[in-house]
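Below are my entries, in the order I looked things up.

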Amino acid sequence: MIKLVVFDLDDTLISEVQYVKSCFRVVAEYLEKKYGFQGTYGELEKLFQKNRQLVFNRYLDSKNVTYSQEEIEKIVEIYKKHEPKIEFFPDVEATLILLKQYGIKSAILTDGIFSTQELKIKAVDGEKFFEEILYTDKLGRDAWKPSPRGFEVLKEKFDISYDEMIYVGDNPKKDFMISKIHPVHTVRILRREAIYQNEEYLEEIKEEYTIKDLRELEEILLNHGAIRKIINGKGGERMKKVLFVASITKHINTFHIPYLKCLKEEGYEVHVASNGEEKINYCDKHFNVEFERSPFRKENKKAYRELKKIINDGEYDIIHCHTPVASVMTRLAAKKARKKGTKVIYTAHGFHFYKGAPMRNWIIYYPIEKYLSKYTDVLITINEEDYEFAKKKLNAGRVEHIHGIGIEEEKFKIDLSESKRDEMRENFTCNSMDFVMLYAAELNDNKNQKMLIDAMKKLVPAYPNIKLLLAGDGPFKEKFEKEIQENFLQSNVLLIGYRTDIPELLKISDLYVATSKREGLPINILEAMISGLPLVVTNSRGQRELVEDGKNGYIVEIGDVDSLVEKIRNIYLDSRMRSMITKNARANINKYLLPNVLEEMKRIYHLEE
């Protein structure tokens with residue numbers, strides 16, 4: 001019976017490459033400030049990729065800098081003592097929740113200089129997750145692995161035998177020798193960018209198991225009889241089950257992981273039905289149902305039959321559906337399950353029928369939602385306009401209003417140095433004197449980037465240092481590229497593609513613009529607000545709920561290009577106005593933060609304490 005799982009730290013729980021990159025950023029800032037270099041971070045990274053040895057010496061040599069050993073030691077000191085910007089691998093927290101549910105304890109056993117390793121642990125808030133963190137350096141340099149000393153301390157600490165312990169590591173050169181000395185079970189985790197993955201095995205002593213994802217530990221624990229496949233809850237009752245449904249897996253991974261995690265922590269078995277085979281954290285079982293986005297595609301008949309079987313076989317306590325097509329199918333497929341006590345929840349991320357919507361939307365979508373609402377136990381809305389309408393006109397068992405999907409504040413606590421900000425701007429041919437506007441959205445008709453391009457046609461001749469970054473991909477990409485070229489705007493309007501660094505892009509921008517025709521509660525506006533940017537947006541549902549005209553930004557009518565130009569011009573020319581609006585940007589953000597929205601959802605799930 002396994003009672004303790006012990007984890008190595010570097011390249012097991014956290015990425016050593018991510019740590020090194022974090023170190024290089026602070027070293028680059030130091031070197032650029034001292035020597036006036038530019039682009040230092042990228043050059044350090046390239047040198048490291050070629051050869052990990054003497055990176056700082058080689059960099060200074062490449063710049064023809066005369067330096068002393070004391071200078072190298074100072075750089076190394078900066079490297080080792082900075083507070084790293086790192087996080088756990090995506091599979092870590094889900095695995096720790098799993099172990100906790102099974103009553104299995106967890107510990108970290110890490111080598112390396114104590115002060116450096118401790119900073120890494122603090123960066124990921126490690127003490128919150130593990131029963132014990134053992135730094136072998138505190139026992140003495142000779143206690144570093146492959147020494148068995150750390151394992152012997154843990155055996156005594158937890159009062160277990162060695163064969164009740166599993167050790168998970170990544171380094172063949174030192175991590176698995178313990179199995180020759182004591183009967184500890186060993187697991188090697190293969191991380192894609194692991195620094196020591198190509199090392200030779202010490203004395204040819206290999207691991208007992210090999211995995212690519214920590215969640216595979218569940219199968220190993222099953223093999224050792226440490227857990228049962230079906231977990232019983234308190235008093236012998238079966239474990240509660242929840243099913244999330246969305247048209248595509250990307251929607252789940254983008255918006256709902258914190259809620260899956262919350263339900264896992266509350267003891268639920270979490271299932272997901274969606275189209276796409278991407279891994280989903282905190283998901284016990286994923287059904288790949290091939291939903292089509294168009295409700296009229298014949299493939300959706302097959303998807304409906306599959307979903308109905310999943311629901312009828314699953315005996316779910318809660319079914320929570322999202323996205324239009326998936327929510328229609330789910331509520332129809334769950335009719336029988338609701339009679340047996342299953343609660344069906346639908347989150348409307350913005351009705352297609354709304355004030356000012358085309359008549360076609362009202363003719364098609366409103367009757368469908370009116371009919372389906374009677375098969376909805378809880379209808380969740382994310383803006384006030386939809387909430388008030390649903391209460392008056394729809395027939396759901398209960399209508400709730402939450403403040404969006406929740407913004408993770410920590411992601412936007414980024415302190416960019418002036419040199420780093422300038423370096424990022426240079427990537428988009430922008431300099432420190434340019435006025436940079438950002439809009440992050442799919443390139444399509446609804447997001448209405450065309451209105452901004454039309455505004456730039458009028459702004460650029462008078463203010464050539466105004467730049468517009470359009471982040472995102474979509475069906476209108478080629479159309480926009482052509483229009484930009486035909487109007488000679490290539491230097492001022494940049495299509496920068498789908499981005500994963502939106503927090504950083506917000507930090508290098510001066511103004512956030514959004515010209516959407518229809519929104520639910522736009523997360524891009526919330527992200528701009530939490531970053532302290534002034535806003536110019538169109539008067540569409542969701543956007544007008546977040547922007548108070550004249551306070552944290554300005555609202556213009558959809559299609560009114562002249563008003564858009566005027567508001568942008570005013571903010572560009574009036575630095576005092578810009579400063580005032582910036583101060584107000586974060587004024588109402590707290591209710592939209594993830595902890596608050598999680599509490600709202602717990603109440604709806606009836607998980608509140």
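**Entry 1: a buried valine.** I started with V270, which is buried, with a relative accessible area of 0%. My cut-offs: buried means under 20% relative accessible area, exposed over 50%, and partly exposed in between, using a 1.4 Å probe and protein chains only. V270 sits in strand 8 (residues 269–275). I take helices (H or I, at least four residues) and strands (E, at least two) as DSSP runs, numbered from the N terminus.

Before going on, I noted that this is a predicted model, where local features need pLDDT of at least 70 and side-chain atom pairs count only at pLDDT 80 or more, while totals for chains, interfaces and linings use all residues. Residues are numbered from 1 along each chain as its sequence is written, and side-chain values use heavy atoms, with hydrogens and water left out.

What does V270 contact, leaving aside neighbours within four places in sequence? I found V242, L260, L263, K264, Y282, C283, D284 and K285. Contact here means heavy atoms within 4.5 Å. I also checked V270 against N361: they are 91 residues apart along the chain, and their C-alpha atoms are separated by 34 Å.

**Entry 2: two other buried residues.** S327 is in helix 13 (residues 324–333). S327 is buried, with a relative accessible area of 1%. Not counting residues up to four places away in sequence, S327 touches C321, H322 and Y346.

A471 belongs to strand 15 (residues 466–471) and is buried too, with a relative accessible area of 3%. Beyond four places in sequence, I see A471 in contact with residues including L438, Y439, I496 and I502. From A471 to E71 I get 400 residues in sequence and 41 Å in space, C-alpha to C-alpha.

**Entry 3: helix 19.** Which residues of helix 19 (residues 477–486) are buried? I noted F480, E483 and I484. Seen down the axis, these buried residues of helix 19 fall within an arc of 100°, so they line one face of the helix. The arc is that of the directions from the helix axis to the C-beta atoms. A reminder to myself: an α-helix has 3.6 residues a turn, so residues three or four places apart point the same way.

On the other side of helix 19, E478, K482 and E486 are exposed. Helix 18 (449–459) and strand 16 (493–497) are among what covers the buried residues of helix 19. After helix 19 comes F488, with a positive phi near 55°.

**Entry 4: helix 1 and its partners.** The axes of helix 1 (residues 16–35) and helix 2 (residues 40–50) come within 8 Å and cross at roughly 130°. Axes are lines fitted to C-alpha atoms, for helices over the stretch in contact, and angles run from 0 to 180 degrees between N-to-C directions. Helix 1 and helix 2 are therefore oblique to each other. For angles, under 35 degrees counts as roughly parallel, over 145 as roughly antiparallel, 65 to 115 as roughly perpendicular and the rest as oblique.

I then looked at helix 1 and helix 3 (residues 55–62), whose axes come within 13 Å and cross at roughly 30°. That makes helix 1 roughly parallel to helix 3. F24, V27, L31 and Y35 of helix 1 make the contact with V55, F56, Y59 and L60 of helix 3.
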